[in-house]
Amino acid sequence: MTSYSNQTSSAARFTSFLRNYYIYFVLVAVVVLLSTANLDQFALFERGNFLYKRNIINILRVSAPLLVMAGAFTLLMVSGYIDLSVGSAMSLSAVVYAMLAINGVPFIPAFALTVLVGVLLGAVNGFLVVRLNITPVIATLITLSLFKGVALLLVQDGVSAIKSGNFLKIPGWFNDYGRAKVLFDLPAAFWVAVAVTLALIVVQNRGKLGKYAAATGGNPTAAKLSGINTGRTVFLLYVIVGASAALAGIARSSFMSLGDPLSGDGMELTAILVVLLGGTAFSGGEGKVLRSFVGALIIMMLTVGMLTIVPAYYQTLVIGSALLAAAASNHLVSRKGKES
Amino acid sequence: MTGPQTHTVLSVSGLTKDYPGVRAVDDVSFAIEGGTVHCLVGENGAGKSTLVKMLTGALDPTSGSMSVNGNEYTPNSPQDARKGGVATLFQELHVVDELTVLENLTLGMERSWFGFLVKSELEERAVKTLAAIEPSIDPSARVSRLSVAQKQIIEIARAASSGANIIIMDEPTAALSEREVERLFGVIRRLRENDVTVIYISHKLDEIFELGDNVTVLRDGKHIVTKPLADVDGRSELIEMMIGRTVFQSYSPRGTVGNKVVLKAQGLTTSLLKDVSFDIKEGEIVGFYGLVGAGKTEIARALYGADSFEGAVDFKGKPVGRTPTAAIASGIALVPEERRTQGLFTNLTIRENIPVMNLPRVSRGGVFKAADVQDAAHQYVEQLSIATSSIEKHTEKLSGGNQQKVVFAKCLFSNAELLLLDEPTRGVDVGAKSEIYDIIKDLADQGNAVAVFSSELEEILGICDRVFLMFDGHLQEEIPNGPDVDISHILNVVTGGQESVAQ
């Protein structure tokens, strides 16, 4: 029942090492796997080598939306909460951003307004969960439907997405954000994702919010008794997730040069997958922003890699299986660490 | 005992708490001196926990006042209490496993600059406090690596470093091993040296004599005495003050106890129980008496197959299966401790609740017959005189006593021949209590065996033919009930009195 010493046994040390670093081994394994696979016959990859520069740049460009969301989503799950509406929030932001751009709003105000929309969407989730006390899964399932509904309403009848037409043209800067090479041949969208992740790493390790998120997820009663306003912590995390979903929407619509009201569909599952893969405990308390970022890279490499190997209609099944594997290993690793 | 000058740090006067029908704390006044370990003792139901809840802000007193360091003290929540300098060590642990020791020590009190944590003297103070009371704990270790006792010490260190000068500890040794208890006592003594006042609540009288400076005895919600432990003449005087002279003895021997042993338990061992063996005879009511945490519920749950255990249980000569389903099938039923969460489907009606333990009895071909279910409900409502307007009433709307009768009906419907009753009259009013006692006696008179697990001595001595005394997972002693039963001996045994004479 109780251990009489706090000396870590070698088994416990190994488990903790595994928990902290396994994701990097997985990353290396996936890279090795993909670079040794014979991908010659597929057009998407440059002949012969996965590690070819253009492939890497390609993958990182497509990954920007997921990468920008992974960190915030991690912090939310560390606090023991979840947001199933991120995909819809992303779609709605993409539509709003494209509408602003097509109607002549310049880059910076359009960008800022869209992020603000994300903040509001996050605040709606926070309100439902914290104030109205609705179970997070139910609350964000409701907003998943609501946000998507609004996104679909905003797009005219008979049109599938906001895009350049006869009268209105999407401006050039719209594409540049997700495609133009800014630094090391990578676009701004990718660097924003990196910057957001770095900021959240600092918040997690040095910020009050990061610590309070861990306390709220680890032992809510203890957090409350220590005078922590757990409601405010959770609300703030939902707002940050909303803002990051908006950044993801901007990145996605910029890359696709249209505002697609379905572009974020399924993103919530991918986000959960990535965070679990990164070793965040579903029950809260445990988890690291950086590891989720790496998890996101792995998933994107696999997805893009799979595009070339596996027919598209197998992908959801493969993602589901990966989710199962991540959840199971996550359960094993975090249980072992806890029971002393 | 400590300093030359004594000063009062906490005092209550005329403190009263009424619940509907009960006065849990009745006009209690006493004072606690600074830098002492002040023990609070009393039987179950004496009002200790209600008093503590008022001190920690979890309950508002009905009348009376409290003061801390001479100022009026009216906490609304544990946080409020802590601001007033009163911290509580709850029975369940309030530390965050995922954080480090230091992060836990400063939790909720961090200094920050634009949301980012900055180093402050707070951390130094926390580390110093921890080092002073328990130097073996590394402040950078993750709390999930620590033992229960160490986590408790973290909580104490947090309370002390947050400036609390009064720490309330409610049964802090309940989950600790002997060695850990010694360590905790060391911590408490060091706190006292640093002029921190500890209010210590425990059923274990040895701990109180070992640790305490002063003691306050409560009985039936009333304040009996507050005095230095040095002036208390041993366990017997303390026990006498706790029980008074008025233990109600209404047992009359019943003639139906048979000679046939129906249940034989041998060497029951779980994480709490240690090699417990006993038997129960046909038509007999046996009682298991002990304090909270002595292992009563664990025995009931083991016999019923609800928890796994080592050892052997034979019922009517055959080993009992180790699941509740098997126990029910062989004729054992349990009335659990927590009626609302474990005994009843509160969102269902009386009619729907009664047959759940034995649906085949009212079913044919997998479909149950509504008429039989109704008949059964009517029969038991009448037999147990359940006060209700209809059998269609949802059980959550019934009073505690009537709810308990529905649980009994459920068990009787399963055709049980051995009933395990865990705290059968908890939260039940006096009238229903005696009705339930009558039901229990009737059941035994009909030849059923009954085991009552209770922390109320009056209940045990009122209805049981034989009593098993429990302490700390051990079955200490077996005594026959009768008019000349020695109550102070019983209390001595269940509070861990080692000088008890073995029978």
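In this predicted model, the second largest pocket has a volume of about 1,100 Å³. Its lining is made up of 38 residues, and those closest to the centre of the pocket are B:Glu98, B:Leu99, B:Thr100, B:Glu103 and B:Ser140. Several helices contribute two or more residues to this lining: from chain A these are helix 1 (10-36), helix 7 (188-206) and helix 8 (208-218), and from chain B they are helix 3 (101-105) and helix 4 (121-133). Sorted by class, the lining of the second largest pocket comprises 15 charged, 14 polar and 9 nonpolar residues.

Chain A has a secondary structure of 13 helices and 0 strands. Read from the N terminus on, its elements run α-α-α-α-α-α-α-α-α-α-α-α-α. Of the 340 residues of chain A, 51% count as buried. Among contacts in chain A with a separation of 6 or more, residues 24 or more positions apart account for 77%.

A:Thr280 sits in the loop between helix 11 (267-277) and helix 12 (289-309) of chain A. With a relative accessible area of 0%, A:Thr280 is buried, because the cut-off for that class is under 20%. A:Asn103, for its part, lies in the loop between helix 3 (86-102) and helix 4 (107-131) of chain A. The relative accessible area of A:Asn103 is 53%, so this residue is exposed, the cut-off being over 50%.

Turning to chain B, the chain is divided into domain 1 (8-91 + 164-243) and domain 2 (261-349 + 414-494). The centres of these two domains, taken over C-alpha atoms, are separated by 31 Å. Contact between them involves 7 residues of domain 1 of chain B and 10 residues of domain 2 of chain B. The two domains bury about 750 Å² between them, with 62% of it on carbon and sulfur atoms.

Helix 8 of chain B (residues 234-243) has B:Arg235, B:Leu238, B:Ile239, B:Met241, B:Met242 and B:Ile243 as its buried residues. An α-helix has 3.6 residues a turn, so residues three or four places apart point the same way. The cover over the buried residues of helix 8 of chain B includes strand 3 (37-41), helix 7 (205-211), strand 11 (214-219), strand 12 (222-228) and helix 17 (487-494) of chain B. After helix 8 of chain B comes B:Gly244, whose phi is positive, near 65 degrees.

Positive phi values also occur at residues of chain B that are not glycine, including B:Asn415 and B:Asp472. For B:Asn415, phi is about 60 degrees. B:Asn415 belongs to the loop between helix 14 (400-413) and strand 21 (418-422) of chain B, and is partly exposed, with a relative accessible area of 45%. One of the residues that touch B:Asn415 is B:Asn358, which also touches B:Phe413 and B:Ser414, not counting residues up to four places away in sequence. B:Asn358 is found in the loop between helix 12 (350-353) and strand 19 (363-364) of chain B. At 16% relative accessibility, B:Asn358 counts as buried. B:Asp472, in turn, has a phi of about 55 degrees. The place of B:Asp472 is the loop joining strand 23 (466-471) to strand 24 (474-480) of chain B, where B:Asp472 counts as partly exposed at 34% relative accessibility.

Conventions
Residues numbered from 1 in each chain as written. Chains lettered and ligands numbered in written order. Predicted model: local features only at pLDDT ≥ 70, side-chain atom pairs only at ≥ 80, totals over all residues. Heavy atoms only, no water. Helix = DSSP H or I, 4+ residues; strand = E, 2+ residues; numbered from the N terminus. Buried < 20%, exposed > 50% of the residue type's maximum accessible area, 1.4 Å probe, protein only. Contact = heavy atoms within 4.5 Å. 1 Å grid on protein atoms, 1.4 Å probe; cavity = no way out; pocket = protein on both sides within 12 Å on 5 of 7 lines; lining within 4 Å. Points joined across faces, edges and corners; volume = space filled by probe spheres on them. Nonpolar A, V, L, I, M, F, W, Y, C, P; charged D, E, K, R; others polar. Domains from an automatic or database assignment. Buried area = accessible area lost by both parts, 1.4 Å probe.
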